[in-house]
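Colleague: Could you take me slowly through one part of this model, namely its aromatic rings, and then show me what else surrounds that part of the fold?

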Amino acid sequence: MTMERASGSPRSVSLSSSPSGSPPKLSSDTLALLQEFLTSRAEEEKRFNDLAEQAAARIASREMNVDLEQPDPPMMSVDEYRLAFGEDWQLSQFWYSTSYATRLAKSIRSICTSSSKIAFMCCPTAFVAFQHTNPLDGARLLEYDKRFSVLAPTKFIHYDLDEPDIIPEDLHGAMDVVVADPPFLNEITNRKLIKTIQQIIHPTRGKLVLMTSTSVETVLHELYNLPPIGPLRLTSLEPDMGRLANAFGCWGAWEGAENFGKDIVT
């Protein structure tokens, strides 16, 4: 999940020294919290490094055996993913809760066939949940953060919102479903995203699933207004974005999208 980037310079914290001029001392509780944080970060880094090494080995193996088909390994669970990948707030990353990601994955599967091609744009948690519970060969993750290439090297596509026209040729007009979560809550981000979506979504059978804050709903209806990316309909799926307190919604751009996510249980 994503959120609008905050403006201004980072806040700095100044620790004043004691009257004696010696460095300030942290309480035992604070030291314990700090140690817990450092341990968690170290474990997270180890998990990611293990994934990166495995991905590098698979890529090297493919290069040495060009005629040998080697599929990506089974996708990790959302819980494992949340442990291995920290949120990068500079990139406005906020992971979905496990229960919501699972409901979303099941809802997406309900509008797919075994041959469907799906693009997950700027929503790695959704991609992980879907490929863990309902893996399809036609799923692709379009994402700026290259860390996620280790999840499924053959399905990861580096995507930069500032270069919306730079996408693989085989995606043009090919995607049956596009699942998008704009990384920032503003009109400019949605305009860039739309430029890409319009190029990759199938012009007649394509379905768009859009998740973002209700604070930009007016802008959404203005921009996503013509088929196959509009008009938008608020779906039955209620997003749960974990630590974020903002109100979020999920919209679909096809006839009957209002029932998307209805009666889906985890």
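Modeller: What follows begins with the aromatic rings and then moves on to a helix residue and the sheet.

Please keep in mind throughout that this is a predicted model. When the whole structure is searched, nine aromatic pairs are found, and two of them are described here. A pair of aromatic rings is described by the distance of the centres and the angle of the planes. For tyrosine 81 and phenylalanine 85, the ring centres are 5.4 Å apart and the planes meet at 35°, so this pair is tilted. Both tyrosine 81 and phenylalanine 85 are buried.

The rings of tryptophan 95 and phenylalanine 148 have their centres 5.8 Å apart, with an angle of 75° between their planes, and because planes over 60 degrees apart count as edge-to-face, this pair is edge-to-face. This pair links distant parts of the chain, since tryptophan 95 sits in the loop between α2 (78-84) and α3 (98-109), whereas phenylalanine 148 sits in the loop between β2 (139-143) and β3 (156-158), 53 residues apart. Tryptophan 95 has a relative accessible area of 5% and phenylalanine 148 one of 1%; buried means under 20%, so tryptophan 95 counts as buried, and phenylalanine 148 is buried too. Taken together, Tyr81, Phe85, Trp95 and Phe148 form one aromatic cluster.

Leaving aside the neighbours within four places in sequence, serine 107 is in contact with Leu237, Phe260, Gly261 and Ile264. Although serine 107 and isoleucine 264 are 157 residues apart along the chain, their C-alpha atoms are separated by 6.7 Å.

Finally, we come to the sheet, in which seven strands form an open arrangement in the order β3-β2-β1-β4-β5-β7-β6, with mixed pairing. At the edges stand β3 and β6 (233-234), each with a single partner strand, so one side of each is left without a neighbour in the sheet. Strand β6 is joined by two bridges to β7 (residues 248-252), and these two strands run antiparallel; leucine 234 has tryptophan 251, in β7, as its bridge partner. Elsewhere on the sheet, helix α4 (residues 124-133) lies across β1 (118-121) and β2, and runs at about 165° to β2.

Methods:
Residues numbered from 1 in each chain as written. Predicted model: local features only at pLDDT ≥ 70, side-chain atom pairs only at ≥ 80, totals over all residues. Heavy atoms only, no water. Phe/Tyr/Trp six-rings, centres within 6.5 Å; stacked < 30°, edge-to-face > 60°. Buried < 20%, exposed > 50% of the residue type's maximum accessible area, 1.4 Å probe, protein only. Helix = DSSP H or I, 4+ residues; strand = E, 2+ residues; numbered from the N terminus. Contact = heavy atoms within 4.5 Å. Pairing = 2+ DSSP bridges. Axes fitted to C-alpha atoms, helices over the stretch in contact; angles between N-to-C directions.
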